[in-house]
Amino acid sequence: MNRIVVIDYGMGNLHSVGKALEHVGENISLTITADAQKIREADRLIFPGVGAMRDCMAEIKRLEIDELLKQAREEKPVLGICVGMQAMLSFSEENNGVDCIDLFPGRVKRFQANLSDENGDRLKVPHMGWNEVTQTAAHPMWQGIANNSRFYFVHSFYVVPDTSQENSAKIVGESSYPLPFCSAIAEQNIFAVQFHPEKSQNVGLQLLKNFLSWDGEL
Amino acid sequence: MSLAKRIIPCLDCENGRVVKGVKFLDIRDAGDPVEVSKRYCDQGADEITFLDITASSDNRETTIHTVEAIASQVFIPLTVGGGIRKLEDIRMMLRAGADKVAINTSAVLNPEFVKEAAEKFGSQCIVVAIDAKQVSLPGEPLRWEIFTHGGRKATGLDAVEWAKRMVSYGAGEILLTSMDRDGTKNGFDLALNRIISEAVSIPVIASGGVGNLQHLVDGIVEGKVDAVLAASIFHFGEYSIPEAKEYMASKGIVVR
């Protein structure tokens, strides 16, 4: 039995990701919880998130999820999604600045206002919809997913990992709006994405399926 | 390449069945919402919008079951609207599997509700649905007002000002329906869509009036919207989603 825990720290809709996992998973036991014991016992963790970073971090710290994730980094596969990914960095510019979990050095920045596309039309923020993800490094999580496949995004902030340090995350996926930004990172047992695999139809389901069999090795 | 423009089939549902009225009157039955959603998802729809137009609130349970059934089979974003009046309604819909909720009349009756909802659940799941109708006379500068109750009740609110206000209250997206065009198949109200899309920083979905594939293109190119919503052209098999995407791509629009 593959024990999957979706970490529930009270922020947002975890049912979508649960339903998508149940759809692709065979022989999985799925628990949506913040319980430390269950998180420690799980074989794999999903760390989702929506909403404002200050509220997210307050709950993450209160429930000591930051410590559990630091442990998991060494021990078992973790998939970060959207704000879950952002929370893994050192610091976010959201809500006038919030210190995050600091699993990886780097910052979370907001898309500039008044961006425009190549035709001069205004680009809206949030960046919402289906955008291409260029796989900038090979990874078992990309298996069976064509390079430059479109995934569903909805976010106003994006991660800028500092890749120069020893414990840095590696950029494994990049997208553009209109400038390139990091849309997937990986390091040790952690893989994290800015887009929503649970809402990205076949390519997203494939990514979740890959996660269920990924043993954390590169 | 860049962010794709979205095609969103809309399911207007009454008592658990997909219906689509012409100017909100003539109701035709278009099928089971779960089957219809699944079909659109398989065909490559970018999102699904489910609007519960059942007048009474007795059928909340039916709606919740339908949303649950759609969400367990459809892995693209799902927006649910109709009768969203309280924070509890939003919580129930998100729990049932909706990704976003569309707030319409309740936003007009109590604008603070939008603010509370965005603070509680995040802007990304709050869509403000705006029903606008042209009120300027021929020869006057174009002006639109917000109408409620299926276009029967004027509110005196200027549509552009209202849209901007909703953005400042935390709306994450605007679903803009032209009451003059809805159900007519004469195309979107392009001037309305353009003025609102250019006035706000968030994505706008054009709705109301699609009768052919060129109308979808016009909405994106001339209406400057980020997504196009249509119901009857897809429900009754006049066009399929792949045909729509192929046509839009042939006109230079980026689609998935």
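**Buried spots and charged pairs**

Asp99(B) and Lys199(A) are both buried, meaning under 20% relative accessible area, with exposed being over 50% and partly exposed in between (1.4 Å probe, protein chains only). This is a predicted model, where local features need pLDDT of at least 70, side-chain atom pairs count only at pLDDT 80 or more, and totals for chains, interfaces and linings use all residues. Residues are numbered from 1 along each chain as its sequence is written, chains are lettered from A and ligands numbered from 1 in the order in which they are written, and side-chain values use heavy atoms, leaving out hydrogens and water.

Q: How far apart are the closest N and O atoms of Asp99(B) and Lys199(A)?
A: Side chains of opposite charge can pair when their charged atoms come close. A salt bridge needs a side-chain nitrogen of Lys or Arg within 4 Å of a carboxyl oxygen of Asp or Glu. Asp99(B) and Lys199(A) form one, with their closest N and O atoms apart by 2.8 Å.

Q: Is Glu145(B) buried or exposed?
A: Glu145(B) forms a salt bridge with Arg143(B). Arg143(B) has a relative accessible area of 33%, so Arg143(B) is partly exposed. Glu145(B) has 13%, so Glu145(B) counts as buried.

Q: Which residue in β15(A) stands opposite Leu79(A)?
A: Strands are DSSP runs of E, at least two residues, and helices are runs of H or I, at least four, numbered from the N terminus. Two strands pair if DSSP finds at least two bridges between them, and β4(A) pairs with β15(A) in the parallel sense over 4 bridges. Opposite Leu79(A) stands Phe191(A).
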